[in-house]
Amino acid sequence: MPAARTPGPGTPTTPHLRISEGQVGEVGPGGTLIYPSVTSCLTVTVRLQDGGKVGAHASLFQVPGEYRSDRILAAVKQRIGAREVRAVEVRGAVGAWHPSYFTKAIESYAEGEQVPVPTEPDPVGLARVVADVLGAPPGKVTVEDLPDGDQTVD
């Protein structure tokens with residue numbers, strides 16, 4: 001399957017797209033997004049009004065050459081452009097994520113600076129920050145804690 005990292009809105013050319021850690025990609029109406037090996041990660045799938053999907057595979061720690069957790073939602077927003085969002089689905093290791101990781105990545109803390117650590121799952125906080133960064137109405141964002149493994153979104 002092709003690599004997923006592409007900038008800006010575009011016309012998807014594949015019906016199935018594999019999105020690895022730190023990547024953002026898009027499929028058109030009827031397409032499938034595949035997120036491999038979601039263990040400590042979160043996936044963000046934006047369902048567009050036209051039936052297409054924009055997806056991101058957010059990693060707790062940056063994969064070299066890919067998006068950090070505090071930059072991945074901006075890449076998704078850029079990819080969406082002016083298109084209307086029908087729904088946003090956040091799935092994965094909800095309990096491993098502090099909502100602030102989407103605004104300040106773990107790697108960006110200076111030595112000795114306190115990194116926030118989740119004490120319990122915060123699906124409401126995650127939904128709020130995703131909605132805020134994407135500019136989506138909060139009611140369109142859902143969060144689901146899923147066990148480890150591959151995720152397929154049709």
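**Entry 1: what counts as buried.** I call a residue buried when its relative accessible area is under 20%, exposed when it is over 50%, and partly exposed in between. By that cut-off arginine 79 is buried, because its relative accessible area is 5%. I also note for myself that this is a predicted model.

**Entry 2: the partner of arginine 79.** I wanted to know which residue forms a salt bridge with arginine 79. I found glutamate 26, with the closest N and O atoms 2.8 Å apart. The pair links distant parts of the chain, since glutamate 26 belongs to strand S2 (residues 24–27) and arginine 79 to helix H1 (residues 72–80), 53 residues apart. Is glutamate 26 buried or exposed? I looked it up: glutamate 26 is buried as its relative accessible area is 5%, so it falls under the 20% cut-off.

**Entry 3: the sheet around S2.** Next I followed S2 into its sheet. Five strands make up an open sheet with mixed pairing, and I read their order as S2-S5-S4-S6-S7. S2 and S7 are the edge strands, each pairing on one side only. On average, neighbouring strands here are turned by 15° against each other, direction ignored. As a reminder to myself, strands of a sheet pair through backbone hydrogen bonds, either parallel or antiparallel.

Entry 4: H1 does, touching S2, strand S4 (42–48), S5 and S6, and its direction makes about 170° with that of S5. Helix H2 (residues 123–134) packs on the sheet as well, where it touches S4, S6 and S7; I noted an angle of about 140° between its direction and that of S7.

**Entry 5: valine 46.** I picked valine 46 as my stop in strand S4. How large is its relative accessible area? The value is 0%, so valine 46 is buried. Leaving out residues up to four places away in sequence, I listed what valine 46 touches: Gly52, Lys53, Val54, Val76, Ile80, Val85, Ala87, Val88 and Leu134. I also took one C-alpha separation, from valine 46 to lysine 77, which came to 9.5 Å for two residues 31 apart along the chain.

**Entry 6: glutamate 89.** Moving to strand S6 (residues 85–92), I stopped at glutamate 89. Glutamate 89 is buried, at 13% relative accessible area. Its side chain and that of arginine 47 are joined by a polar contact of 2.6 Å. Which residues is glutamate 89 in contact with, leaving aside its neighbours within four places in sequence? I wrote down Thr43, Val44, Thr45, Arg47, Thr142 and Val153.

**Entry 7: more charged pairs.** Side chains of opposite charge can pair when their charged atoms come close. My count of salt bridges comes to seven. One of them brings together the side chains of glutamate 144 and arginine 91, at 3.5 Å from N to O. This pair again links distant parts of the chain: glutamate 144 sits in strand S7 (residues 141–145) and arginine 91 in strand S6, 53 residues apart. Glutamate 144 is partly exposed at 37% relative accessibility, whereas arginine 91 is buried at 19%. I then looked at lysine 104 and glutamate 113, whose side chains meet in a salt bridge of 3.0 Å, N to O. Lysine 104 is partly exposed at 27%, and glutamate 113 is partly exposed at 37%. Tracing shared partners, I found that salt bridges join Arg47, Glu89, Arg91 and Glu144 into one network.

**Entry 8: strand S3.** My last stop was strand S3 (residues 32–38), which is mostly covered, with six of its seven residues buried. Strand S1 (residues 16–18) runs parallel to S3, and three bridges join them. Leucine 17 has leucine 33 as its bridge partner in S3. With strand S8 (residues 149–153), S3 runs antiparallel, joined by four bridges. There I found isoleucine 34 opposite threonine 152 in S8.

Methods. Residues numbered from 1 in each chain as written. Predicted model: local features only at pLDDT ≥ 70, side-chain atom pairs only at ≥ 80, totals over all residues. Heavy atoms only, no water. Helix = DSSP H or I, 4+ residues; strand = E, 2+ residues; numbered from the N terminus. Buried < 20%, exposed > 50% of the residue type's maximum accessible area, 1.4 Å probe, protein only. Polar contact = N/O pair within 3.5 Å; in protein donor to acceptor, adjacent residues only side chain to side chain. Contact = heavy atoms within 4.5 Å. Pairing = 2+ DSSP bridges. Salt bridge = Lys/Arg side-chain N within 4 Å of Asp/Glu carboxyl O. Axes fitted to C-alpha atoms, helices over the stretch in contact; angles between N-to-C directions.
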